[in-house]
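Here's a quick briefing for anyone meeting this structure for the first time. Have a look at the sequence and the model, then read on.

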Amino acid sequence: MSEKSGREIVPQAYTPSPTVTERPGALGQLRKAPESFLDKSTIAAVSKSGIDENRRQLLRTSFTTALAGMLGASLSARALASQGDPDILTLPPWSKSLGNAVATNPYGQPSKYEANIIRRQSPGLTQTDQASVSFSPLQGMFGMITASGLHFERHHQGWVDIDPRRHRLMINGLVSKPMVFTMEELMRLPSVSRIHFIECGANTGMEWGNTAVPTVQYTHGMLSCSEFTGVPLSLLLEHAGYDKAKAKYVLAEGADGSSMTRTIDIERALDDVIVAYGMNGEMLRPENGYPLRLVVPGVQGVSSVKWLRRLEVGDMPYATKDEAIHYVDLMPDGQHRQYTSIQEAKSVITSPSGGQRLLTKGYYNVSGLAWSGRGTVERVDVSFDGGRNWYTAKLEGPVLPKALTRFNIGWTWDGKPAILQSRVVDSTGYVQPLKRQLKEVRGTRSVYHNNAIQSWQVTESGEVENVQLT
């Protein structure tokens, strides 16, 4: 079933926002979103009973309380400077003494001043910590690469830290030479390094019916992008002598307690799938599948099976529980749609975004991320008036297939209410749909594959709120 919006988008060159001159004027000042706004009792209540309208209101109240606690905490650095800012006039202590010794931290850590930029668990999404999700802090990230320590997590029975000396990868099924590899043997084979995004199929799933969560970390944070290094799956299948006449599918199986298993069609398996051990120049982190995972570019994250231990070549889909019952789309007629694993083109503005506040009028750099499971990002348009007018954003290179692309566009806020949106067009011509258009096809009871346009409302006071337009 096609989910294309059907609208004709005329190709055009970069069109900056008309509200910004070549040299931005007075810079606006942005207050960050509250990073932790849920107390333990609220988390326990939502985790135990899920999200209904009462608990949805509880989340809103907690968020509003956290915002109120932040008011008055921001004083313009420019105002301080005009009064004789001591941080300019007085040499600070760190400029008058020795710093820490080399290799004080043998494995580097973020600054203590960045302690709020962390993955966070969302209450109400799952019932146990081991079968849960942590969200990447998109509002605090730059560029296209996700730091390994901030890559989102989704586990079905907790994460494990496997001794690589005891880990094995088996290849069996319709092959002439069933094989078992040690990690050492795999890492001696020819390798590739490619940058790809991984997005959970349930990313933005809580937003199907109505707005549910206030910040971009929770609306879109089951999304990350890394440079993965490993052996092309095609090389391993050729090495094992897969049956080119009969082979139609490959089953990937993980070594964790859930034995996660997913079916991948043979054309995709031979295309750009990686059996990966490296991530952003280091070995995979345990939470992301150490010592070995599959990376299936462009497809929902569950297919990139972590702690990969077996690949079986077959001639029909395996219909395992995590593809026949879970990760299916509930359609308006009550039927479930299976095997819709492609992550369609999607984008979101990360700054300004929900929970942040524009403290002053003036220039703001509107920035966000765009991606497509079918290819590359061709163009991103940004609207400041809820979709009445669109302006083409600048894409920051490199623009790579099945990878996140950072976009930027200047905007001068005049203090009036505004609704910010982004809309991506990918290399196939697919246009990211409005929420209304997506619901017309999919209804409102789905969980997976919500790629609709996100709306952030800027109020007259400068508060940025998550809204849905009818």
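**A quick tour**

Leaving aside residues up to four places away in sequence, Asn451 touches Glu344, Ala345, Lys346, Tyr430, Gln432, Pro433 and Leu438, where a contact means heavy atoms within 4.5 Å. Keep in mind that this is a predicted model: local features need pLDDT of at least 70, side-chain atom pairs count only at pLDDT 80 or more, and totals for chains, interfaces and linings use all residues. Residues are numbered from 1 along each chain as its sequence is written, and side-chain values use heavy atoms, with hydrogens and water left out.

**Overall build**

- The protein has 10 helices and 26 strands; these are DSSP runs numbered from the N terminus, with helices (H or I) of at least four residues and strands (E) of at least two.
- Of its 470 residues, 53% are buried (buried is under 20% relative accessible area, exposed over 50% and partly exposed in between, using a 1.4 Å probe and protein chains only).
- Take the contacts between residues at least 6 apart in sequence: 74% of them join residues at least 24 apart.

**More on Asn451**

- Asn451 sits in the loop between helix H10 (435-442) and strand E25 (455-458).
- Asn451 counts as buried because its relative accessibility is 3%.
- Its side chain makes a polar contact of 3.0 Å with the side chain of Tyr430 (a pair of N or O atoms within 3.5 Å; within protein, one must be able to donate a hydrogen and the other to accept it, and residues adjacent in sequence count only if both atoms are side-chain atoms).

**Nonpolar cores**

- In soluble globular proteins, nonpolar side chains tend to be buried together.
- Here the largest nonpolar core has 53 residues, and Leu169, Val275, Leu308 and Leu311 have the most contacts inside it; such a core is a set of buried Ala, Val, Leu, Ile, Met, Phe, Trp, Tyr and Cys residues joined through side-chain atoms within 4.5 Å.
- Strand E11 (residues 274-279) gives this core its largest share, five residues.
- Another core of 37 residues lies apart from it, with Leu138, Val348, Ile349 and Leu420 among its members.
- Back in the 53-residue core, Leu169 has contacts that include Phe181, Leu236, Val275, Leu292 and Leu308.

- Most residues other than glycine have a negative phi, and most peptide bonds are trans.
- Ser351 and Pro352 are joined by a cis peptide bond, with omega about 0°, and Pro352 lies in the loop between strand E17 (346-351) and strand E18 (357-358).
- Another cis peptide bond links Gly397 and Pro398, with omega about -5°; Pro398 is in the loop between strand E22 (394-396) and strand E23 (405-413).
- Trp307 isn't a glycine, yet has a positive phi of about 50°. It is found in the loop between strand E13 (293-295) and strand E14 (308-314), and it counts as buried because its relative accessible area is 2%.
- Ala103 isn't a glycine either, and has a positive phi of about 60°. It counts as exposed because its relative accessibility is 55%.

**The loop between H4 and E2**

- Ala103 is found in this loop, between H4 and E2.
- Ser111 is found between helix H4 (86-89) and strand E2 (120-121) too, and counts as partly exposed because its relative accessibility is 38%.
- The side chain of Ser111 reaches the backbone nitrogen of Tyr113 at 3.0 Å.
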